[in-house]
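Biologist: Could we go through this model together, one question at a time? I would like to see how its parts meet and what surrounds its ligands.

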Amino acid sequence: MAAADDIRAEALRLGFDAVGFARAHLAPEMRERLGQFLAEGLHGDMGWMEARADQRAHPQALWPEAVSVISLGLNYGPETNPMESLAWRDRGTISVYARNRDYHDIVKKRLKALGQFMAQRFKHQPLKVFVDTAPVMEKPLAQQAGLGWQGKHTNLVSRSHGSWLFLGEIFTTLDLAPDAAERDHCGSCRACLDICPTDAFPAPYRLDARRCISYLTIEHHGPIPEELRPLMGNRIYGCDDCLAVCPWNKFSRIHAEPAFLPRTDLTAPRLAELAILDDAAFRQKFSGSPIKRIGRDRFVRNVLVAIGNSGDASLHPVAQSLCEDANETVADCARWATERLAT
Ligand code: B12
Ligand code: SF4
Ligand code: SF4
């Protein structure tokens with residue numbers, strides 16, 4: 001069996017849903033687009049994107065010995081429509097990927113298992129595994145490896161899994177036959193661009209992260225710009241709207257991963273119960289969840305935005321009780337929510 005076939009078979013056995021091979025090299029236009037994204041400041045305060053931009057743009061600047069990239073996808077197709085809870089004003093909407101265990105842990109564990117298999121099978125061929133946090137342009141590499149294409153919402157869309165694939169990579173010194181790159185199948189569709197509640201796409205295939213609710217609720221520190229708060233509705237951690245409306249999702253399958261089954265307490269949780277979490281209660285509730293990473297203050301800030309947008313007068317006392325919070329961002333958002341509910 002050829003090396004690539006062997007690795008593909010093992011990756012599928014380990015539970016990955018998509019596997020492809022590419023050269024450890026990105027086309028010059030990818031590097032230019034990353035440069036333009038950063039030069040225009042579309043990354044907001046994600047300073048870490050700038051810090052190692054050269055490595056992000058060049059897989060071999062990250063690791064000079066890399067010859068091939070194995071791109072891997074893990075399906076997390078949801079059972080229910082993730083936009084269902086957007087209409088429930090006293091509840092929060094948490095994006096699909098954060099309703100249970102942290103996908104980084106699950107993907108990394110499988111990448112390491114595949115790495116071990118490769119180390120045994122191909123002696124003296126070093127490798128490195130990555131998921132999300134390393135300076136790697138995962139989507140263009142996955143497109144090169146044939147897993148899908150970068151849709152107009154900028155995420156990777158797959159003909160078999162729609163928008164619901166987590167990505168991870170193995171960089172290796174092995175010379176593996178590359179797969180054919182996938183081509184764009186968006187056509188004239190613009191459903192993802194039109195649904196975006198904050199108008200975060202200045203053009204198809206281009207995202208202004210500073211307006212994206214995923215950025216505002218997860219990555220952004222400090223107060224959320226006031227003009228964007230009313231547009232966020234009850235989205236308290238991430239956003240799935242542009243992913244959920246993609247017509248290619250009709251080919252997706254519901255995932256079979258127990259760790260991604262939505263926790264009942266994170267499926268449309270009551271805002272009143274989340275707003276009162278203190279630091280210890282927050283850490284206990286979100287142990288093992290990706291939400292833990294943003295900390296109590298940023299999370300309660302997000303919940304207060306949703307309370308301000310709820311139009312539910314019964315939540316007024318909850319917001320009021322946080323107006324003097326020790327964290328100035330939380331207190332500021334509580335005052336904003338209190339005023340909004342009063343009017
Ligand atoms: C930074 C980041 C974010 C930022 C910025 C997102 C972005 N689009 O860049 C924020 C916080 C907003 C974010 C949000 C989300 N993210 Co994110 N994020 C990343 C991260 C760490 C880097 C992405 C990156 O390099 N951005 C830089 C810009 C320049 O890249 P780009 O958008 O791909 O830019 C391309 C296009 O703009 C295109 N382009 C530009 N102009 C033109 C013109 C034409 C004509 C064409 C054809 C193309 C084109 O070329 C550029 C280069 O490829 C990756 C992990 C990784 N290391 O890759 C995860 C990652 C992209 N995120 C992921 C996920 C799941 C999400 C969310 C769905 C989470 C959620 N539910 O809230 C949202 C989706 C929002 C969205 N519509 O993108 C997954 C996506 C999986 C997939 N199937 O694609 C990744 C790959 C993590 C992972 N390992 O699974 N994310
Ligand atoms: S994740 Fe939400 S806010 Fe961000 S671009 Fe997509 S629809 Fe817009
Ligand atoms: S919603 Fe339409 S335009 Fe957007 S990624 Fe899917 S197919 Fe492409």
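Biologist: Happy to start with α13 and α15: are these helices roughly parallel or roughly perpendicular to each other?

Modeller: Keep in mind that this is a predicted model. The axes of helix α13 (residues 295–310) and helix α15 (residues 328–342) come within 8 Å of each other, and they cross at roughly 10°. Angles under 35 degrees count as roughly parallel. The two helices, α13 and α15, are therefore roughly parallel.

Biologist: Nice. How many residues of the contact of α13 with α15 are nonpolar?

Modeller: On the α13 side, the residues include Val300, Leu304, Val305 and Ile307, and they meet a set in α15 that includes Val330, Ala334, Trp336 and Leu341. By class, the contact has 3 charged and 2 polar residues, and the nonpolar ones number 10.

Biologist: Now to α1 and α6: which hand does their crossing have, left or right?

Modeller: Helix α1 (residues 3–13) and helix α6 (residues 103–121) have axes that come within 10 Å and cross at roughly 145°. From α1, Asp6, Ile7, Glu10 and Ala11 meet Leu114, Phe117, Met118 and Arg121 of α6. That contact holds 5 nonpolar and 3 charged residues, with no polar ones. As for its hand, the crossing of α1 and α6 is right-handed.

Biologist: Let me zoom out to the domains. How far apart are the C-alpha centres of domain 1 and domain 2?

Modeller: The chain is divided into domain 1 (2–172) and domain 2 (191–342). Their contact takes 43 residues from domain 1 and 55 residues from domain 2. On the side of domain 1 that touches domain 2, the residues divide into 19 polar, 14 nonpolar and 10 charged. The C-alpha centres of the two domains lie apart by 24 Å.

Biologist: Why can we say that ligand 1 lies between domain 1 and domain 2?

Modeller: Of the 36 residues around ligand 1, those that come nearest are Glu138, Asn155, Leu156, Ser214 and Gly238. Elements giving two or more residues to this shell are α2 (28–39), α7 (138–144), β7 (165–172), α9 (213–219) and α10 (241–244). The shell has 22 nonpolar, 7 polar and 7 charged residues. Ligand 1 lies between the domains because its shell takes residues from both domain 1 and domain 2.

Biologist: Moving on, which elements give two or more residues to the shell around ligand 2?

Modeller: There are 13 residues around ligand 2, and Cys196, Cys212, Cys239, Asp241 and Cys242 come nearest. The shell divides into 9 nonpolar, 3 polar and 1 charged. The elements giving two or more residues to it are α9 and α10.

Biologist: One more, please: from which domains does the shell around ligand 3 draw at least three residues each?

Modeller: Ligand 3 has 13 residues around it, of which Gly151, Cys186, Cys189, Cys192 and Cys246 come nearest. By class, this shell has 9 nonpolar, 2 polar and 2 charged residues. It draws at least three residues from each of domain 1 (2–172) and domain 2 (191–342).

Methods:
Residues are numbered from 1 along each chain as its sequence is written. Chains are lettered from A and ligands numbered from 1 in the order in which they are written. This is a predicted model: local features need pLDDT of at least 70, side-chain atom pairs count only at pLDDT 80 or more; totals for chains, interfaces and linings use all residues. Axes are lines fitted to C-alpha atoms, for helices over the stretch in contact, and angles run from 0 to 180 degrees between N-to-C directions. Helices (H or I, at least four residues) and strands (E, at least two) are DSSP runs, numbered from the N terminus. A crossing is left-handed if the near helix is turned anticlockwise from the far one by less than a right angle, and right-handed if clockwise. Two residues are in contact if their C-beta atoms, placed from the backbone, lie within 7 Å. Ala, Val, Leu, Ile, Met, Phe, Trp, Tyr, Cys and Pro count as nonpolar, Asp, Glu, Lys and Arg as charged, and the others, Gly among them, as polar. A residue is near a molecule or strand if its C-beta atom, placed from the backbone, lies within 6 Å of it. Domain bounds come from an automatic or database domain assignment. Angles under 35 degrees count as roughly parallel, over 145 as roughly antiparallel, 65 to 115 as roughly perpendicular and the rest as oblique.
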